[in-house]
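Biologist: I have a new structure open and would like to walk through it with you. Can we start once it is on screen?

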Amino acid sequence: MSTSEPLAAEDSFMDFAGDQTQPTQETILSALATLTATASPVKTEQQQPEQPPPSEYDTLTAQLAENPHNPEAWRRVVDMAEASGDITKISATYDALLKQYPNTASAQIPYINHFLNSESTFEKAEDLFKKFLRTSPCVELWVFYLTYVRRMNVGNAQRDVVRKSYEFALSHVGQDKDSGEIWSDYIAFLKSGDTTTTWEEQQKMDSLRKVYHRAVQIPLDNVERLWQDLESFETALNRITAKKFMADLSPAHMQARTVLRQLVNHVGAIYPMHHDGGGIYLPALPTFNAAERALVGKWKAYLKWEESNPLEVEEKDRAVLVTRIQGVYRKAVIRMRYYTEIWFMAYNWTNSVGKHDEAMSILKAGMEANPSSYLLTFAYVEAQETKKEFADVHATYEKFLEILRTNLEVFESSSANSSFSQPPATNSQAPASNAPTTTADGSRSNDASFNTQSSDESPAKTTELQRLRTEYGLAWIMYMRFGRRAEGVKANRAIFLRARKDRWIPWEVYEAGALMEYHCSDDKSVASRIFERGLDTFGDEIEYVLRYLGFLISINDENNARALFERVIPNFAPDRARPLWERWARYEYQYGDLEAALKLEKRMAEVYTSDPPIKRLAQRHMYLGTDAIADRDLGFALARRAPGASSGAGSNSLGRTETSQSILSLTQGTKRAASPDHRAAKREDNSGGGAGGAGGRAAEYGQGHKRARPLSPPPQPARERETRWEPPARGRRFSPPPGGAGGGGSGGGGGGGGGAGGWEREERRGREPLPPPRAQQHQQDREREREREREDEKPARQVSIPPIISWFIGELPSPVSFDGPVFRTDDLLNVFRTATMPNVRSKSPPARGGGGRPPPDYGPYQGPNSGRVGRRY
């Protein structure tokens, strides 16, 4: 309705009212109605505060509707619903929870249990069983279902219903390690059946034998006990046939036991208990820290191990193997719900075994759990494109782009609220040229790069936001590719036109659109116009300008390339414009004339005054990275071949030089430097040792010229060296000093052998000997010092590492980057300890010597008359 209509109506009403001298009844009633209408909002506003505030349950429910990825809030809501006792609220809560976390048995079991308390609600419980069981790989839920079936079917007439229920359960989860309880209960149920004839008894025994034979070949947690029960069962029937049956089943059973030990190691590592045993386990969004990456690696290793068929199931029983791996993948995507790599592995394996419809269902479920996943979305649209389902592909791309757009807007608002907007230090995209990009003045480029069609709403740019925008542009580019492949160039152009109107697209979308036009339509003019249109928006993006310039050079459009260079070079600061200068200079060096190249160098010298002239000359005479001036005239080639330089073509060939240096230090050792030649002075001092005196002792006890060895204790002070001989403990005997040592004592000492004789007499008397004289002790110290110096003077044995080993060590990744499975030492030892070794009898070498006990024979026991006499183990 136009604005003139109410004005005209008002004028007509005023003219009519002016003709009346008294108010009529209709006028009074209309006035009362107007007063009532105007008073009613006031009454509503007065009654608004009287409403009770929302409860905690309502608040949490509203929060979970906006952010459903909050396991703690879900558990709290479930607890409050359970405490309320309202079955309607309980049902609504569990339905919402299971919609967010499907196939969560820890939530399904208590949900169903609410409807098993009264026969009037049994129908609801059965509906829930039908809804949950078909896709559930959880043994706990199937055990709960079998308990309900046996509770409802207690008579002999219903035994067949119970038997079919057990078979139904085992066909879904019978290969699970934890399903041993179901197998045991099934066997006990079959044993409890009554028989009246011999034929029925025989049928019962055959049924039991078949179930036993199926169970003992599966790595169940109670497989050993089932084997013992089977042996007792067969022996009770017939000892002769029992040996045959057990011998036939023994290889498969032993394989199952071996696989069980490996399975326990795998499962124990991938099922950490993050919650109480009685609580509800709900996976949280990943943060991809080191622990979570390690957990993903363990899951991948376990899934690959299951795919490798460790049970060695034969081809005729391939359906059993497929069912087993299918159950494993179903449990994996429940536990690792928000890890898209696990979903993709499940899809890829399911598709490889021929279950294409189920594989697509897995992709859809994964996309529902992870709506912003590039991996699952791209896999899904490719699969649909091969099926020619183009409408579904368009819808999927539209939905995916809408989700990414919403995430960008949420991230922008959160960044603005937290004042997180900061200019990045470097650009996220590398330039097209080979020259390095310096972005010291990155703020100018960052602000201007977002001048899209909605320039008044240009988003603030952060490093994370820029990365998200680039990924968002990747989705548009993949959409454009699909349109070109499926529907031709026109569809590609239509998608590109829509993308241009999006304020979030990066410059890569323009470049992709231009290159598609050039390569697929062979139209240079359209491609150039797209680049030019993108230049209006991303004119301050140095990477985009470089790509545009490189495109013009590639199509040999020199005039437009030169015009572009001259047009954009004033828009960039010198530190940011260097890649552009380098790219155009390289073109002039290769395809221009010398005069133009020299003019360009003169301009560059005015901008970059610190660049030496030899650099420009060398760059003019380079080709494909070959710089003969640097290698030969400046000596870089010889420097690279020098012993101190790292091996390889460049200085970065050894990524971690400290690794090779540490190995060299370990193999070569550390040779200390030669000590100063003070031995002559020592010999002069020692030559007068027999004369004794203060000067000699000063030379003896003065500070020497020894250098401390790397592993030697710190030197002791002179006072400590003088008093280091303490009285020995009683009963200790000193060995006599070397002959003639006593003759080198102080002035009061005796002759040549007096010292030794005195020590011998002390020992003969049985008394504690005195320590050797101080001069003798220091003479021994000097001898030991000379021995050490002679050892030090010997040339150290050089250990050289081959260059290829040094290169290999440098290429190894750091230990912290390892994200694969971690094997425990105990597990490896257990594998070797429990390995079944084949009995290979080889001719033993003759024993050394004629006697002694012969070596034991650790081969399997072959009976009392089967082997060597006298060896029984």
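Biologist: Is R498 buried, partly exposed or exposed?
Modeller: R498 is partly exposed, with a relative accessible area of 37%. Buried means under 20% relative accessible area, exposed means over 50%, and partly exposed is in between, using a 1.4 Å probe and protein chains only.

Biologist: Before I go on, what kind of model is this, and how is it numbered?
Modeller: This is a predicted model, with residues numbered from 1 along each chain as its sequence is written; local features need pLDDT of at least 70, side-chain atom pairs count only at pLDDT 80 or more, and totals for chains, interfaces and linings use all residues. Side-chain values use heavy atoms, with hydrogens and water left out.

Biologist: What is the mean pLDDT of the chain?
Modeller: The mean is 76, and 66% of the residues reach 70 or more. pLDDT is the predictor's confidence in each residue, from 0 to 100.

Biologist: Where does pLDDT stay under 50?
Modeller: Over residues 646–770, where the model has 127 contacts beyond four places in sequence, and over residues 840–853, where it has five such contacts. A contact means heavy atoms within 4.5 Å. Where pLDDT is low, the predicted coordinates should not be read in detail.

Biologist: How many helices and strands are there?
Modeller: The chain has 39 helices and zero strands. Both are DSSP runs numbered from the N terminus: helices are H or I with at least four residues, strands E with at least two. Of the 873 residues, 34% count as buried.

Biologist: Back to R498. Which residue does R498 form a salt bridge with?
Modeller: R498 pairs with E398, the closest N and O atoms being 2.4 Å apart. The pair links distant parts of the chain, with E398 in helix α19 (residues 390–417) and R498 in helix α22, 100 residues apart. E398 is partly exposed, at 29% relative accessible area. A salt bridge here is a side-chain nitrogen of Lys or Arg within 4 Å of a carboxyl oxygen of Asp or Glu.

Biologist: And what does α22 pack against?
Modeller: Its buried residues pack against α21 (463–487), α23 (507–521) and α24 (524–537). The buried residues of α22 are A491, N492, I495, F496, A499 and R500.

Biologist: How many salt bridges does a search of the whole structure find?
Modeller: It finds 37. One of them joins E464 and R467, with the closest N and O atoms 2.1 Å apart; E464 and R467 both lie in helix α21, three residues apart, about one turn of the helix. There is also a network of salt bridges linking R578, E582, D611, K615 and R616.

Biologist: Changing topic: how much does α27 bend, and where?
Modeller: α27 bends by about 25° at L580. That bend is the angle between axes fitted to the seven residues ending there and the seven starting there.

Biologist: What about its cover?
Modeller: α27 is mostly covered, with 13 of its 18 residues buried.

Biologist: Last one. Which phi value does N103 have?
Modeller: Phi of N103 is near 60°, a positive value in a residue other than glycine. Most residues other than glycine have a negative phi. N103 is found in the loop between α5 (87–100) and α6 (105–113), and N103 is buried, with a relative accessible area of 18%.
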